[in-house]
There are 2 protein chains.
Amino acid sequence: MSAVLPPRARVVEVGPRDGLQNEAGVVSTADKVRYLELLAAAGFTDLEVTSFVSPKAVPQLADAAEVCAAFPERPGLRRIALVPNEKGMERALAAGIRAVAVFTAASESFTRANIRMTIAESLAAFRPVAARAQREGVWLRGYVSTAFGCPYEGAVPPARVVEVAAHLFEMGAAEVSIGDTIGVAVPSQVTEVVGLLAERFPVGRLAMHFHDTRGTALANVMAALGAGVTAFDSAAGGVGGCPYAPGAGGNLATEDLVYLLDGLGVECGVRLGGVLEASRFLAGVLGRALPSKVLAAGGALATRPLP
Amino acid sequence: MSAVLPPRARVVEVGPRDGLQNEAGVVSTADKVRYLELLAAAGFTDLEVTSFVSPKAVPQLADAAEVCAAFPERPGLRRIALVPNEKGMERALAAGIRAVAVFTAASESFTRANIRMTIAESLAAFRPVAARAQREGVWLRGYVSTAFGCPYEGAVPPARVVEVAAHLFEMGAAEVSIGDTIGVAVPSQVTEVVGLLAERFPVGRLAMHFHDTRGTALANVMAALGAGVTAFDSAAGGVGGCPYAPGAGGNLATEDLVYLLDGLGVECGVRLGGVLEASRFLAGVLGRALPSKVLAAGGALATRPLP
């Protein structure tokens, strides 16, 4: 057995956006910035810092510009912001953002429920955003969510995932993140979908975005690593979910991912202790325990004296 | 990538023993029997029904004989009981048990803390139990716990696991279950340890017993399946842990395991819906939510109407 694993992997921390947008309460700007600083100190190279969506639709992230101002650009760190349209792109650029992400899905029903567009409409809306990004030399990421199952349609054909990813690459995405938004994927599916994608696109330009809703996230990471994927999205503490994806559960927890990568000897440059610190801070702010298992276990194994 | 997976796997349900022995409260005999009946209805071929340890040490399972009387032998079902010594074996046989398990570890410190013996002493105590089992035609299983890490010693040399397993096989064990008691293992370790074991023993006589303390259990199942292992221990709902293994977290939840196996197309003969029913019953009895992720998610994906 045992596929050859890549020596290194990139962890894209999405907690500040994908996590906080789904919280019932609004986290203060100061707490968001403190959380981002703790994450930066943990060694991430990629932080999805916020989203320039309509403040009416997502009041949790209404302070996107203020967050960007208070958490400035720094060497070695890519600050990614989600932008839904040209207006969002305009705001993101004004806030000094140099890396943006656009979000669509492989399921029509989910896209309709989530962003009130067809997939084709969403891609059309992204074209001017992508063109602007290209003109301004801004790094572009595309999300293909519900790639392994849809809460309304059930099974999603892998060919549909490839098709949507192709549109995103074609409009200039540097990276496309393939999402198991509702956490239904199993490793054999991951191997199949990544295999199909890798026939068309360089595997180094794919990222996987798993949710641990059914406990399969790390098993799916293994399958993706085995297929050559070297970028993974996760959220410190395992916060997140999706209001339009019933039962989405949390994102794969960054601690759990980093624990796995460390154990496998796959270098990611992120310090587990630093992630735990950020998660503990966020748990305090949110006033609740976060779903990460490694966080609950207190981290990696630390031996103790015999009783 | 993608190792060839075995077409079938056996799930050994350990919740009634490994789960309930760690509960603060004592579950009534009637509720235990109802729980066992629900599990039997879910299709298990192997149920660890109880433990014939000292009722003083484990009051939760003091009713072992009553449970066995009320949940009788039936075709196609192996009722396994843990026995710590000859006295326990005597009680188990008197209760009509025809499959027993003995429990030791790969770590001296853990064995001392858990059963107040050295590993050698524990093996010596099992010899008459094993001899009796052989004479009476009773199926014997051995547990090697802390095979991937010890809460007191830290790393555990894989050679030590092989050595302890060898003693158990040599005294007549039909199956040896290799336990990640404190849930620290990662898949590369599983591949290594199973590889070493498979050099000495038929892989079909190994079982893996994972805890999901750090979220790696299903990733570890994948590694073990890839190495040819076809038997896995789990506990419905993910109950369990170990009083002598600080931070042990829960056993791998049976629902999560069955969800994975179903998704992979690895037949296990256990109905996911039946396991969920047993877990929901147990959650009601214990008066708390159980850790299984699939249980929390409400099972496999069921589509719903668009909002």
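Author: Two strands count as paired if DSSP finds at least two bridges between them. The model discussed here is predicted.

Reader: How many bridges join β1 to β8 in chain A?
Author: Strand β1 of chain A covers residues 10-13, and β8 covers residues 231-234. The two run parallel. Pairing needs at least two bridges. The number joining β1 to β8 in chain A is four.

Reader: In β8(A), which residue is the bridge partner of A:R10?
Author: A:R10 has its bridge partner in β8(A). That strand spans residues 231-234 of chain A. The partner is A:A231.

Reader: What closed form do the eight strands of chain A make?
Author: The order runs β1-β2-β3-β4-β5-β6-β7-β8, with parallel pairing. Neighbouring strands of this sheet are turned against each other by 25° on average, direction ignored. The bridges between β1 and β8 join two of these strands. The form is a closed barrel.

Reader: Which strands of chain A does α9(A) lie across?
Author: Helix α9 of chain A takes in residues 217-226. It runs at about 165° to β7(A). The strands that α9(A) lies across are β6, β7 and β8.

Reader: Are α9(A) and α10(A) oblique or roughly parallel to each other?
Author: Their axes come within 11 Å and cross at roughly 45°. Angles under 35 degrees count as roughly parallel, and 65 to 115 as roughly perpendicular. The two helices are therefore oblique.

Reader: How many residues of the contact of α9(A) with α10(A) are nonpolar?
Author: From α9(A) come A:L218, A:V221, A:M222 and A:L225. From α10(A) come A:D256, A:L257, A:L260, A:L261 and A:L264. One residue of the contact is charged and none is polar. The nonpolar count is eight.

Reader: How are α10(A) and α11(A) set against each other: roughly parallel or roughly antiparallel?
Author: Helix α11 of chain A holds residues 272-286. The axes of α10(A) and α11(A) lie 9 Å apart, at an angle of about 170°. Over 145 degrees counts as roughly antiparallel. The two helices are therefore roughly antiparallel.

Reader: Which residues of α11(A) meet α10(A)?
Author: On the α10(A) side stand A:T254, A:E255, A:V258, A:Y259 and A:D262. The contact divides into five nonpolar, two polar and two charged residues. On the α11(A) side, the residues are A:L272, A:V275, A:L276 and A:S279.

Reader: In chain B, what is the bridge partner of B:V102 in β5(B)?
Author: Chain B also has a closed barrel of eight strands with parallel pairing. Seven bridges join β4 (residues 99-105) to β5 (residues 139-145) of chain B. Helix α6 of chain B lies across β4 and β5. The partner of B:V102 is B:G142.

Reader: At about what angle does α10 of chain B run to β1(B)?
Author: Helix α10 of chain B spans residues 254-264. It lies across β1 and β8 of chain B. The angle to β1(B) is about 175°.

Reader: What axis relates chain B to chain A?
Author: A rotation of 180° superposes chain B on chain A, with an RMSD of 0.0 Å. The shift along the axis is 0.0 Å. The relation is therefore that of a two-fold axis.

Reader: Which residue of chain B has its C-alpha nearest the axis?
Author: That C-alpha lies 1.9 Å from the axis. The same surface serves both copies, as 100% of the contact residues of chain B recur in chain A. The residue with the nearest C-alpha in chain B is B:A219.

Notes
Residues numbered from 1 in each chain as written. Chains lettered and ligands numbered in written order. Predicted model: local features only at pLDDT ≥ 70, side-chain atom pairs only at ≥ 80, totals over all residues. Heavy atoms only, no water. Contact = heavy atoms within 4.5 Å. Axes fitted to C-alpha atoms, helices over the stretch in contact; angles between N-to-C directions. Nonpolar A, V, L, I, M, F, W, Y, C, P; charged D, E, K, R; others polar. Least-squares fit on C-alpha atoms with pLDDT ≥ 70 in both.
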